[in-house]
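Let's take a friendly look at the sulfur links in this protein. Have the sequence and the 3D view ready as you read.

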Amino acid sequence: MLDPMPPRTALAVILLVLAVGLVAGCSAPASSPTDAGGLDARAYMLPDLSCAEGLLSGGVSCLPRFARCSGRDEVPAPSGGCMRVGVEQCDVDGHPGLRAPASPTCKRIGVLRCVTAAGGPGLRGPDDDASVCRAVGAPLPCTPGWRVGSSGWCEPTTQPAPSSCARGEMAAVGDNVCRPLGSCGSGTWGELASSAATIFVDAAFGGTERGSVSAPFRTISAALRAAARLPASNAGTAHVVVAAGRYDEALVIDRPLRLEGRCAAQVELVAPAGANGIEVNARDVELRGLTIRADRRGVDVRPRAQVVLERIVVERCGASALRVGRGASAALRASLLDDNFSFGVEVRGGTATVESSEIRNTRPSPGDLQEGFGIAARPSNDGAPASVTLRDSIVAASHGAGIRLVDAELLVERSMVHHTRPRSSSKLPSSERGAGFGVFATSTTKVTRLTLRDSTVFASYGAGIYAPDAVIELERVVVARTHPRAHDQQDGIGIAAHRVAGTSSLTVRDVIVDHSYHLGVHVAGTLDAQRLLVRNTNAQASNNRRGYALLVETLEAFPTISRATLRDSTLQANARGLFSSGSLVLASRLLVEDTREGPQPTRTGGMGVLATAAAKRASDEHELTLDDCLLRRNNGGLIAHGARVRVARSEVVDSFGGNGVASGSSDMVSAELTLVDSMVARAAAGAVDWRGTASIERCVVRDSGGAAAQAGDEVIGFGVVIALHPDRQGNCCPEQIKPSLRLRESLISNHQMVGVGAFGATVEIERSVVRAIRASDPRGFAFGVYAFPQAAGARQLAPEVTLRDSVVSGSFGGGVLAAGARATITRCEIVDTRGAAEAVGLQVVRIGALAGELSLDDSVVANTAGVGVLLQASRGTLTRSTVRDTRASADGELGDGVVVDGQWFSVEGKPLDEPRPAWLDVDRAQIERSARVGVVFAGQGGALHRSVLRDGQLPVYVFDRAQPDVGADNVFVDNQDDRVAFGPQLPLPAPITLPPPPPSN
């Protein structure tokens, strides 16, 4: 904790002494300025006074020239008049936006969910008009048994429902009816065409077999042998047609031919035990209209072979439904792979294209309970590449992973991967990966590449898309309802693209990630995202950790910093928003809203944006850059640890229960916070920087504390705070970390405790307005600008405060308080300071061994209900300035323009043996309309020269041991008594109870 608030004890002593002294005060000596003669007391414009350019002459003082700005977010402009600062929210066609003073048009931000004309999910970006809704996810209509749910995309009507189709029927993307695989037609051969090269097969035929239409072979194998005997002129066009029936045989196709069954519902090929259904050892092979069952593989496409499969059912195979070997290729069209073990489609160094097909219920292998992948691809043992293309297809209810890739390439278009199930066997180790992942891809010797377009990954376990060391491109994709892993309730990541041993990159266009656990999108590599919507990411189910919509992190094992670019994106209703961990993130037109804590809130729960320092970076790079962004209705707005953060043309509002913007140094890394043309409003505290540097320019920070403050927060009601602060163990801080704040052309308004606070830090305020700082307790105190020392180990660090061309107005208790600080105030106004009992416009006090220093030039302190300027056990100068309209305090014991006071009590309220000295040199001041005394000298002394004191009870009051130099060149006029009054030495009162200090960390 920081040291307590400076005591008001010495000020109370002055009040009591003055109250007695004014009644029993002595007359001025003969040498008082009023008896000097020769000076026209009413001509108090001294002839040698000249004010600098931009200042107004105010009698003997120089007055700053400020326009009276009445607009909500206006401050006086340097060239005169008023200028708007910050940004404001706006709305166009239901799309949130921001409007900046320099750009009055509403710039829309984020991406909105919308409903397409077909009734399905879509996104509307900020550049789209209200009639545009870009379709996202698999095409409509929904598959059988599904409907468009409350989230906007297709979901099963009852969970889980991977397929409502009967055996032999297939669901198709964009079709809501289960359909058989082709027409069976009528007659023996149905709708099969024939030619001179056609060989016929009918298991029910009982006569002599010749392979003709009237004397067909009874087995397909016999037909294949006959095809081998065809004349050379017909060898490439061999055509085998098969009538309805069951064929108990295994086939080997070693030459080009076309094998067609009447239809898959009526033609069954059942391989003998231990055999594959069909081995293809040739190119230009076509298989159609069959149902294939086998103990091992259904269709095995051997190296360098090539096959087309259409209207095929492969089911209940013990190894894989379709295997594609080295250099081979297979095209699967309008087919169903159902209830197979290990793999639906297995590609080893070959190429597979799956179109308009369904692969469902792929289960782990019967022997070792591994795999269970709907589609799997990897290179052959000698490194031949593997690739898969999936179009207009469904991969459903795989037990392990929907799609599993190693060093392979995948293209998915207009498809669905849904309801991937975890393996449930107790034989698997708990660390087994891929258990329930929708798409699972890794790289070892070659970079795996994934491209998904117009597709949906729904209801996975562990991760929807999990692709370490891969290159991923996603366009118009939905990843939804990703559950935690079944065996330990961890993970549940929507999209994971991170390094394990190589390079990782993720490109996103028009993507929705909804209802994940743990992480919505996880990147450790590079991310390029445009129109990304991440919603409803829940905290980790097992321990309530994380829950980030987007995590971009740099892993310790890799020297390359992760980088992310987000444009026109939205993070909405997540447990936590964006987390950049040691990475570089650039976000433009990003909307982060409605971030909330999980069921067991933690300190960082509900944070909209969080950034930590990167270990290596270019000198001009920021860990986090937000341009044209809106963070609203989050539990906390933005927090940075040891990071460089830049926020421009952005708004952070309604950070209920947390800080709007908070930055802090960690270990040896100094935080840097830059806010430009931005708004921070309605938070427990506005902008807080611990042990770092902050620059705030053309910003509005307002409305902190009040309803936005959550019980238990340690900084409540501060507008802007900069501090050198120890950690929770009391350790602080490397000497090279020197916290500083530069505040320019900004408005700090309507806070509940402090407008601008500096704890052991340096603050420079220029051309800014600090106004309407209120106390949380009607009887308490608040401060426009508050500076206080900070202990750093054995060091006691004094703050420094510089105000130039600025206004501090409407504070409740204190306008500017500099405790143990150096305060330099030039061309400023400190006005309208009020309090329940008393108030001080400008107060510079000593704290322990640290005396304050004041330099007040060309400024105005006006309309204070108590004391205009109080210098307590400190030194200072007041030059060419005006102190006016110091009103009486509520109890009538105050009303003094300037008070110079020695410190009579310690910080703890104990009487001191000797008062601490105070000294103030006043030159060319105009002190007028004080309710009681113009200048009170109650400390060691000081000087008063070439000044005008008028319209008070007394111009100068000197008591106790003070010995000020009050020159004959002053003018005292229109006071009730225009003489210097000397009060007797009076006994000191008992110590007074101090007010509680404000919270500090």
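## Starting at Cys 51

Cys 51 is partly exposed, with a relative accessibility of 26%. Here, buried means under 20% relative accessible area, exposed means over 50%, and partly exposed lies in between (1.4 Å probe, protein chains only).

This is a predicted model, where local features need pLDDT of at least 70 and side-chain atom pairs count only at pLDDT 80 or more, while totals for chains, interfaces and linings use all residues. Residues are numbered from 1 along each chain as its sequence is written, and side-chain values use heavy atoms, leaving out hydrogens and water.

## Its partner, Cys 62

Which residue does Cys 51 pair with in a disulfide? The partner is Cys 62, at an S to S distance of 2.0 Å; a disulfide is a pair of cysteine sulfur atoms within 2.5 Å. Because the torsion about this S-S bond is about -95°, the disulfide of Cys 51 and Cys 62 is left-handed. Cys 62 is buried, at 0% relative accessibility.

## Two further links

Cys 114 and Cys 133 also form a disulfide, with sulfur atoms 2.1 Å apart. With 95° about the S-S bond, this link is right-handed. Cys 114 is buried at 13% relative accessible area, whereas Cys 133 is partly exposed at 23%.

Cys 142 and Cys 154 form another disulfide, their sulfur atoms 2.1 Å apart. Its torsion is about -85°, so this disulfide is left-handed. Are Cys 142 and Cys 154 buried or exposed? Both are buried.

By the distance rule, the count comes to 7 disulfides.
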